[in-house]
Amino acid sequence: RLYSEFVEFVDIKPENVHVPKLREKHDSTFVSEFCAEYDKSARGLDLLIMGIGEKGQIGFNEAGASDKSRTRTILLPYSSRKRESKNFANIAETPDKAIGMGISTMLSAKKIHLLAWGEDKADAVKKVAEDKADASVAASLLQRHDNISMYVDENSASQITRNVAP
């Protein structure tokens, strides 16, 4: 979806877009090596663009993620699989694990853009933008980055204090 909803519409070479994705099933040794190599190549990116999930998850980093985490295989909770099932035939066809870029790897980028659209993200946007960094809201761990911006629509910004009590 990244390509069909974003990359096709911007002036960026596809070879400069890095999404950790295996094309087929592999053994755990191959996956571990793939994650280590991806993590090495993703460190120090010029620009990292990430979407925030409804619970503040980011890049498959769910509640409880560590700011020290690196690219790795992540087991997806049922709630995430249910949300993602719209991209698959049904929940049974939705993967139960994914490769997630670690928070530490994200923090190594020179610039970060966080994106959120829709009222279902309003609570997460408020927590990421206004509350203290907290592992229960993984995206909030990116607050300590020196060059980070958040782009939201009116609905996802509806719970931000200046909109609730101007």
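The following dialogue examines how several terms apply to a predicted model.

Guide: Residues are numbered from 1 along each chain as its sequence is written.

Visitor: What makes residues 28–42 helix 2, and how does the reach of helix 2 compare with the expected span?

Guide: Helices are DSSP runs of H or I with at least four residues, strands are runs of E with at least two, and both are numbered from the N terminus. Helix 2 has 15 residues. The expected span is 1.5 Å times one less than the number of residues. For helix 2 the expected value is 21 Å, and the reach from first C-alpha to last is close to it, at 21 Å.

Visitor: Which residues of helix 2 are called buried, and why are they placed on the same side?

Guide: Buried means under 20% relative accessible area, exposed over 50%, and partly exposed in between, with a 1.4 Å probe and protein chains only. The buried residues of helix 2 are Val31, Cys35, Tyr38, Asp39 and Ala42. They cover an arc of only 100° around the axis, so they lie on the same side of helix 2; the arc is taken over the directions from the helix axis to the C-beta atoms. The face turned away from this buried side carries the exposed residues Glu33, Glu37 and Lys40. The cover over the buried residues includes strand 2 (72–75), strand 3 (97–100) and helix 4 (103–107).

Visitor: Why is the pair Asp39 and Arg70 called a salt bridge?

Guide: A salt bridge requires a side-chain nitrogen of Lys or Arg within 4 Å of a carboxyl oxygen of Asp or Glu. The N to O distance between the side chains of Asp39 and Arg70 is 2.9 Å, and the pair therefore qualifies. Asp39 lies in helix 2 and Arg70 in the loop between strand 1 (48–51) and strand 2, so the pair ties together parts 31 residues apart in sequence. Asp39, Arg43 and Arg70 are linked in a network of salt bridges.

Visitor: Are Asp39 and Arg70 buried, exposed or partly exposed?

Guide: Asp39 is buried, because its relative accessible area is 3%. Arg70 counts as partly exposed, because its value is 44%.

Visitor: How many salt bridges does the rule give, and what is the distance between Arg144 and Asp67?

Guide: The count comes to eight. The side chains of Arg144 and Asp67 meet at 3.5 Å, N to O. This pair links distant parts of the chain, 77 residues apart: Arg144 is in the loop between helix 5 and strand 5, and Asp67 is in the loop between strand 1 and strand 2. Arg144 counts as exposed, because its relative accessibility is 52%, whereas Asp67 is partly exposed at 25%.

Visitor: How do you know whether Ala138 is buried or exposed, and which residues does Ala138 touch?

Guide: Ala138 has a relative accessible area of 1% and is therefore buried. Ala138 lies in the loop between helix 5 (122–130) and strand 5 (148–152). Contact means heavy atoms within 4.5 Å. Not counting residues up to four places away in sequence, Ala138 touches Gly56, Gln57, Ile58, Asn61, Glu62, Ala65 and Ile103. Ala138 and Gly56 are 82 residues apart in sequence, yet 5.8 Å apart in space, C-alpha to C-alpha.

Conventions. Predicted model: local features only at pLDDT ≥ 70, side-chain atom pairs only at ≥ 80, totals over all residues. Heavy atoms only, no water.
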